Amino acid sequence: MNNEELYQMIKNHYPFDVLTNNQLLHIISRSRFTTFAKNEFLFHEDETVNDLDIYFLVSGLAKNVLHRSNGKQFSLRYYYPGDLVGLMIMLTSGGMTFSVQALEDCTVFRFNKSDFFEVMTENKEFSKIVFESIGSRMKSLYDELQSTSWDDEENISLFSTKVNTLMESPVFIRSTDTIKNAASIMNKHNVTGLVVSEDGKKLDGIITHRELLKYVSGDQDRKTVREWMIHKPFWIRDEAFAYEALSYFKHEDIEFVPILRYEKVVGILTSHSFLNIQDSKYLDLSYRIQTALTTDDLVALSPSKNCTFHQFIRDILDQGSLGYDVCEIITNYNDRLHRRIIQLTEKEMRIEGYGRPPINYCFIVMGSQGRGEQSFHTDQDNGIILDDYLHFKDPEKVEAYFQHFTEKLNVKLSACGFPECTGGIMARELKWRKSFSQWKDSVHDWLHEMDAEEVQSFTMFFDFRPIYGDYSLAQEIRSMMVEKAKNSLTMQQLLRKDAIRFKVPVNALGRINLKPKSKVLNLKKSGMMQIINMIRIHSIKYGIKDVNTVKRLQSLEDIQAFHPRDVQNAKTALHHFMTFRLNQNLLELEEKKQLSNEISLLELSKEDKRKLKEALQIANRMQQVLEISFNRNRVV
């Protein structure tokens with residue numbers, strides 16, 4: 001298409017129809033016809049405003065991609081043929097940090113911005129239309145930003161801090177005490193509320209300064225605490241995360257929440273309690289990760305090397321937190337390290353002359369990190385999903401970029417405490433670095449041609465989770481894989497066969513049976529993985545998209561595929577296994593020993609032996625059920 005053809009196309013197209021013939025000719029005089037292949041960027045956030053032109057979209061479809069500081073990308077709005085692209089960024093001085101990417105092959109005319117703005121200055125009506133369009137588009141973007149469900153990790157402190165680290169000591173009063181006595185106690189202890197309890201343990205109610213004000217300004221004939229207290233107050237468990245408690249303060253008109261542990265009041269939260277979150281060891285470490293300028297800065301923050309992080313995990317374990325919740329906190333911490341390493345690697349690629357990533361991509365983690373179940377003993381299990389690029393004019397350039405990028409990335413992760421995977425499950429390997437379409441083909445091959453050797457690869461990939469980049473790439477593959485796996489009975493049977501290979505070391509009487517009698521038990525191979533494998537297989541069977549084992553259990557209970565008792569038993573076993581492993585890892589770190597999944601039965605207390613036996617028996621029963629299912633479905 002030449003300039004004459006463009007002239008004929010847009011002369012009657014709004015808003016160009018308000019221009020004079022000379023003004024229209026001036027705008028198109030230095031325009032250039034350009035094409036963009038599907039998934040190419042018309043422009044990227046890394047470019048400066050000076051690098052941009054104004055595009056008139058002739059054909060195809062494009063989208064805005066908003067880049068978040070946590071590495072996640074969101075698609076906000078679309079551009080259709082006839083739309084002008086780039087004006088909003090130019091007229092907001094580049095303040096909007098988003099890119100524009102082609103969703104289809106696009107053809108555009110690139111207007112010279114100086115010519116375009118010159119005509120805007122001359123033609124007030126044209127200028128008014130353009131500015132009104134930008135205002136409308138800005139409002140539309142704002143509305144979409146407001147309604148977008150942001151990733152929880154934007155407020156990771158609230159999702160990783162337990163209320164028992166924020167709570168304050170409760171002050172008690174009996175219901176038979178007088179209101180005047182309540183006021184005296186509040187003043188003495190400088191608190192805004194009291195827990196009403198006859199024995200200093202059980203929660204009977206609360207009374208706060210609000211009730212005192214009502215007493216002063218109202219019916220003073222009622223003089224006892226019982227007559228003014230709140231009999232059924234909001235309360236929360238001590239093992240809950242901070243965001244659960246904060247929701248009470250945000251959505252309910254309250255300022256005082258008791259904290260309970262096994263029906264006993266152990267603390268209270270007020271709106272001021274959340275100010276203490278700024279002193280959290282975890283938040284300090286998280287801030288240091290986010291502000292790190294080099295990989296060397298991150299090495300000292302490695303989960304296996306940082307003593308502050310070790311103490312933080314020790315503290316929340318000592319406070320009785322569930323083992324799988326603590327593993328999720330460790331995983332969140334590792335995710336933050338991964339994201340910062342990716343950002344620094346992208347920056348290093350630009351400094352070295354490779355430029356920014358030529359296409360969108362999504363970095364994924366698998367295995368225990370994918371499930372959110374990491375301990376200190378871990379290695380790399382990661383991959384990368386690349387937007388389709390093989391139709392580009394120079395796909396080799398894209399391949400070369402990501403080969404170099406992932407090699408750097410895996411080396412940096414290793415330096416920061418995540419050893420390279422001995423099985424080669426890393427983004428730099430071609431098997432785990434593929435385009436979107438290639439990943440779809442791999443899933444198809446796994447489901448239709450999988451043999452015993454590929455079972456491990458599939459189970460590893462099935463537990464993948466996106467942590468950086470264009471999450472939509474991962475979400476589409478997840479949806480496709482879950483739907484196809486649900487209908488692949490042959491694949492499910494292969495997974496059952498693989499899952500019963502390693503027997504839980506429990507004899508017919510339920511006693512722990514170790515051979516040889518070394519009294520050392522591998523927690524991962526002897527019970528934990530049997531539970532995880534069984535839950536994964538049932539999740540595949542019922543088309544459940546959750547990756548975390550506890551969330552999968554909850555989903556199975558919700559659809560009544562699992563009895564609530566079995567769900568609770570599995571959670572209990574996972575809690576015991578993961579707590580044992582975390583405590584063992586902390587001991588190994590303290591003694592500077594090699595990290596492992598093994599514990600010595602000789603060093604366990606009587607109570608810990610009871611818990612371990614309980615967990616192994618639960619794992620054994622679940623494996624027996626799976627074995628029965630395998631035999632019943634086996635083709636003879």
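The model is predicted: local features need pLDDT of at least 70, side-chain atom pairs count only at pLDDT 80 or more, and totals for chains, interfaces and linings use all residues. Residues are numbered from 1 along each chain as its sequence is written, and side-chain values use heavy atoms, with hydrogens and water left out.

**Four-stranded sheet**

- Helices (H or I, at least four residues) and strands (E, at least two) are DSSP runs, numbered from the N terminus.
- Four strands form an open sheet in the order β1-β8-β3-β6, and their pairing is antiparallel; two strands pair if DSSP finds at least two bridges between them.
- The edges are held by β1 (32-36) and β6 (84-85), each of which has a single partner strand, so one side of each lacks a neighbour in the sheet.
- Strand β3 (residues 54-59) runs antiparallel to β6 and is joined to β6 by two bridges.
- Within that pairing, Tyr55 stands opposite Val85 of β6.

**Strands β2 and β7**

- Strand β2 (residues 41-43) is connected to β7 by two bridges in the antiparallel sense.
- Phe43 has Val100 in β7 as its bridge partner.
- Strand β7 (residues 98-102) is mostly covered, with five of its five residues buried; buried means under 20% relative accessible area, exposed over 50%, and partly exposed in between (1.4 Å probe, protein chains only).
- In a regular strand, side chains alternate between the two faces of the sheet.
- In β7, Phe98, Val100 and Ala102 point one way, while Ser99 and Gln101 point the other way, and all are buried.

**Strands β9 and β10**

- Strand β9 (residues 172-173) pairs with β10 in the parallel sense over two bridges.

**Second largest pocket**

- The second largest pocket holds about 1100 Å³ of space; a pocket is an open set of points on a 1 Å grid over the protein atoms alone, where a 1.4 Å probe fits, with protein on both sides within 12 Å along at least five of seven lines, and lining residues have an atom within 4 Å of a point.
- Grid points are joined across faces, edges and corners, and the volume is the space filled by probe spheres set on the points.
- Its lining comprises 40 residues, with Asp381, Gln456, Met460, Lys524 and Met529 nearest the centre.
- Helices α15 (367-371), α18 (452-462), α20 (489-499) and α21 (523-541) each supply at least two lining residues, and α21 gives the most, with nine.
- The lining divides into 12 nonpolar, 15 polar and 13 charged residues; Ala, Val, Leu, Ile, Met, Phe, Trp, Tyr, Cys and Pro count as nonpolar, Asp, Glu, Lys and Arg as charged, and the others, Gly among them, as polar.

**Individual residues and cysteines**

- Val130 belongs to helix α5 (residues 124-147) and counts as buried because its relative accessibility is 4%.
- Val130 and Met120 are 10 residues apart in sequence and 8.4 Å apart in space, C-alpha to C-alpha.
- Cys327 counts as buried, at 0% relative accessibility, and Cys362 likewise counts as buried at 0%.
- A search of the whole structure finds zero disulfides, a disulfide being a pair of cysteine sulfur atoms within 2.5 Å.
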